[in-house]
Amino acid sequence: MANKIGIIGDGHVGCTVAHQLIISGLVDDLVLIDMNKGKVNADAIDFEDSMANLPYHVNITVNDYSALKDADIVVSTLGKISLETKGDRFAELKYNKEQLKPITDSIKKSGFNGILIVISNPVDAITSLYQQLTGLPKQHVIGTGTLLDTARMQKVVAKKFDVDPRSVSGFNLGEHGNSQFTAWSTVKVLEQPITKLAKDKSWKLEDLNDEIKFGGQQVFKGKHYTNYGVAAAAVRLIQSILNDSRTELPVSSYQAKYGTYMSYPSIVGRDGIVQSIDLQLTDEEEKQLKASAETIKAKSEA
């Protein structure tokens, strides 16, 4: 069965996601939508120019919302990264909220009934708004959330122990933003809890926090945007949905206990969020998670 994916927003992140999908063979029909007609048409032509040298063929449609009707997945990457001058993703909230109504109206008009993936910042708030405005089931509207922050944690821990990041397990939780945190009680490396390893080696896990939490700001300072890390997270999420792999991922989903979208591990498959996970967190981590939820709600309503 052919896989059809729409991408709304053809900026740094949108075109990187599109490129990764095309070269990975995950998409057969790709719909690219952006207000900048020159840019989105140029990218479509550029992608088509690559087809003869790729092992896969992709059919590309540009700026046609009606083509989303039978899409399996729609990805939102809309945003204005230049607004994030102080590292606060909520700086984009006002701008992105203003873009949403005509976009969600067009999505609804198309008859789209698949899975909606949100990368747009502040991702937890925008994911919630997408769900409300489209009326899609909560389990079908998912933000990339701390899937990227968790990858940054895995990278930092892996370097500390000289292993592959995929050999590190565990999660970053909460807001994809300044109130997110590493749930160290969930982290394992070398098949041991990192809390035990740190104690044995007499160093503090807190020493790693800043590098994990503010890694994206270092990238932003160097090139004024981030794209590869978050695109890889989005494509991994897309693959889990298309393959119905039922993979445990720390994505932004609706957490009824806290009354907001935020990141917490869930089982992801063809029907979106197919199962919830119940982590055994420490009391301090539970406090941090609750505080992060309150931060998201307070900033979303401000």
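Where is Leu190 found?

1. **Leu190.** Leu190 sits in the loop between strand E8 (181-189) and strand E9 (192-193). The model is predicted. In it, phi of Leu190 is near 55°, a positive value in a residue other than glycine. Most residues other than glycine have a negative phi, and most peptide bonds are trans. Check the backbone there by eye.

2. **Asn121 to Pro122.** The peptide bond from Asn121 to Pro122 is cis. Its omega is near -10°. Pro122 belongs to the loop between strand E5 (115-118) and helix H4 (123-134).

3. **H3 and H4.** Helix H3 spans residues 93-110. H3 and H4 pack with their axes 9 Å apart, at an angle of about 30°. Angles under 35 degrees count as roughly parallel, and the two helices are therefore roughly parallel to each other. Their crossing is right-handed. On the H3 side, the residues in contact are Leu93, Asn96, Lys97, Leu100, Lys101, Ile103, Thr104, Ile107 and Lys108. They meet Ala125, Ile126, Leu129, Tyr130, Leu133 and Thr134 in H4. By class, this contact has 9 nonpolar, 3 polar and 3 charged residues.

4. **H1 and H2.** Helix H1 covers residues 12-24, and helix H2 covers residues 37-50. Their axes lie 12 Å apart, and the packing angle is about 20°. That angle makes H1 roughly parallel to H2. H1 passes H2 in a right-handed crossing. Which residues of H1 meet H2? They are Cys15, Ala18, His19 and Ile22, and their partners in H2 are Lys39, Asp43 and Phe47. The contact of H1 with H2 counts 4 nonpolar, 1 polar and 2 charged residues.

5. **H5 and H7.** Helix H5 runs over 147-161. Helix H7 takes in residues 206-213. The two axes come within 9 Å and cross at roughly 130°. That makes H5 oblique to H7. The crossing is right-handed. From H5, the contact takes Asp149, Arg152, Met153, Val156, Val157 and Lys160. From H7, it takes Leu208, Glu211 and Ile212. The classes here are 5 nonpolar, no polar and 4 charged residues.

6. **Largest pocket.** What is the volume of the largest pocket? The value is about 1000 Å³. The lining has 49 residues, and the closest to the pocket centre are Thr77, Leu78, Gly79, Lys80 and Glu92. Helices H1, H3, H5 and H8 (215-223) each supply at least two residues of this lining. The largest share, 5 residues, comes from H8. By class, the lining divides into 16 nonpolar, 22 polar and 11 charged residues.

7. **Second largest pocket.** About 320 Å³ of space lies in this pocket. It is lined by 16 residues. Nearest its centre are Leu148, Arg152, Lys155, Val219 and Gly229. The elements giving two or more residues to the lining are H5, H8 and helix H9 (228-242). H8 gives the largest share, with 5 residues. The lining residues divide into 6 nonpolar, 6 polar and 4 charged.

8. Which element gives the largest share of the lining of the second largest pocket? H8 does, and H8 also gives the largest share for the largest pocket. H5 supplies at least two lining residues to the largest pocket, and it gives two or more to the second largest pocket. Arg152 is one of the H5 residues that meet H7. Arg152 is also among the residues nearest the centre of the second largest pocket.

How values were computed
Residues are numbered from 1 along each chain as its sequence is written. This is a predicted model: local features need pLDDT of at least 70, side-chain atom pairs count only at pLDDT 80 or more; totals for chains, interfaces and linings use all residues. Side-chain values use heavy atoms; hydrogens and water are left out. Axes are lines fitted to C-alpha atoms, for helices over the stretch in contact, and angles run from 0 to 180 degrees between N-to-C directions. Helices (H or I, at least four residues) and strands (E, at least two) are DSSP runs, numbered from the N terminus. Angles under 35 degrees count as roughly parallel, over 145 as roughly antiparallel, 65 to 115 as roughly perpendicular and the rest as oblique. A crossing is left-handed if the near helix is turned anticlockwise from the far one by less than a right angle, and right-handed if clockwise. Contact means heavy atoms within 4.5 Å. Ala, Val, Leu, Ile, Met, Phe, Trp, Tyr, Cys and Pro count as nonpolar, Asp, Glu, Lys and Arg as charged, and the others, Gly among them, as polar. On a 1 Å grid over the protein atoms alone, a cavity is a set of points where a 1.4 Å probe fits but cannot get out, and a pocket is an open set with protein on both sides within 12 Å along at least five of seven lines; lining residues have an atom within 4 Å of a point. Grid points are joined across faces, edges and corners, and a volume is the space filled by probe spheres set on the points.
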